[in-house]
Amino acid sequence: MTLRRTLLAAALLLPLPALAQTEVPAPAPAPKPATQKVAIDTSMGRIVLEIETQRAPITARNFLRYADQKRLDGIAFYRTVKVADKFGFIQFGIDNDPKRILPPIKHEPTTLTGVKHVNGAISTARLAPGTARGEFTISVGDQPSLDADPSKPGDNLGYAAFGKVVEGMEVVWKILDAPTSPTAGEGVMKGQMLSPKIRILKVSRVP
């Protein structure tokens, strides 16, 4: 009996069969969608964007065309909409300059791309869907109200976000807080026009 107990105790100390020790490997993570970094060098400092070339191809390609063709060099941030501390958006663009303007593009809603208006998101300004050209905004704070919402009536397609700030958010905050003219601008834009404007020196791709 003692020998049997000794053999049983020894058996309990042996390793489990190899089959029992095999672990199912975790699935490989999905590859990150393709992006392109772009730097906006301003008179206040550099802002670096990560553009969603795969998830929002039409809108991203439009922005990169403006950048690659130097159509954004020498323009300005001209509008700031500050709702609260570090909340609102800033706007820059070609301001209808006929020498810089490119044809309008098809609208890419956030429900299609999955690129949302989170803090630092860059988006294309528009009037009706399909009218966006060379005007862009950068969100300060998460702003889901700018996303498409099919449950709403009327034009519920929101704006086309296509990337976000990955460096230089402190420069965005400075522009948001920059002084405005109390009289410039029309309608809802009155009091939102930067004075002076924040000059953009160049917009270019970066590694």
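These questions and answers walk through the predicted model. Residues are numbered from 1 along each chain as its sequence is written, and side-chain values use heavy atoms, without hydrogens or water. Local features need pLDDT of at least 70, and side-chain atom pairs count only at pLDDT 80 or more, while totals for chains, interfaces and linings use all residues.

Visitor: In what order do the elements of the protein run from the N terminus on?
Guide: Helices (H or I, at least four residues) and strands (E, at least two) are DSSP runs, numbered from the N terminus. The protein has 5 helices and 8 strands. Their order is α-α-β-β-α-β-β-α-β-β-β-α-β.

Visitor: Which residues touch the most other members of the largest nonpolar core?
Guide: Such a core is a set of buried Ala, Val, Leu, Ile, Met, Phe, Trp, Tyr and Cys residues joined through side-chain atoms within 4.5 Å. Buried means under 20% relative accessible area (1.4 Å probe, protein chains only). This core holds 34 residues. Elements giving two or more residues include helix 3 (57-68) and strand 4 (87-93). The residues with the most such touches are Phe63, Phe77 and Phe92.

Visitor: Are the faces of strand 5 covered or uncovered?
Guide: On one side, Ala121 and Ser123 are buried. On the other, Ile122 and Thr124 are buried. Both faces of strand 5 are therefore covered, given that buried means under 20% relative accessible area.

Visitor: Which residue stands opposite Thr124 in strand 6?
Guide: Strands pair if DSSP finds at least two bridges between them. Strand 5 runs antiparallel to strand 7, with 4 bridges, and antiparallel to strand 6, with 3 bridges. In strand 7, Thr124 has Ala160 as its bridge partner. In strand 6, the residue opposite Thr124 is Phe136.

Technical notes: Buried < 20%, exposed > 50% of the residue type's maximum accessible area, 1.4 Å probe, protein only.
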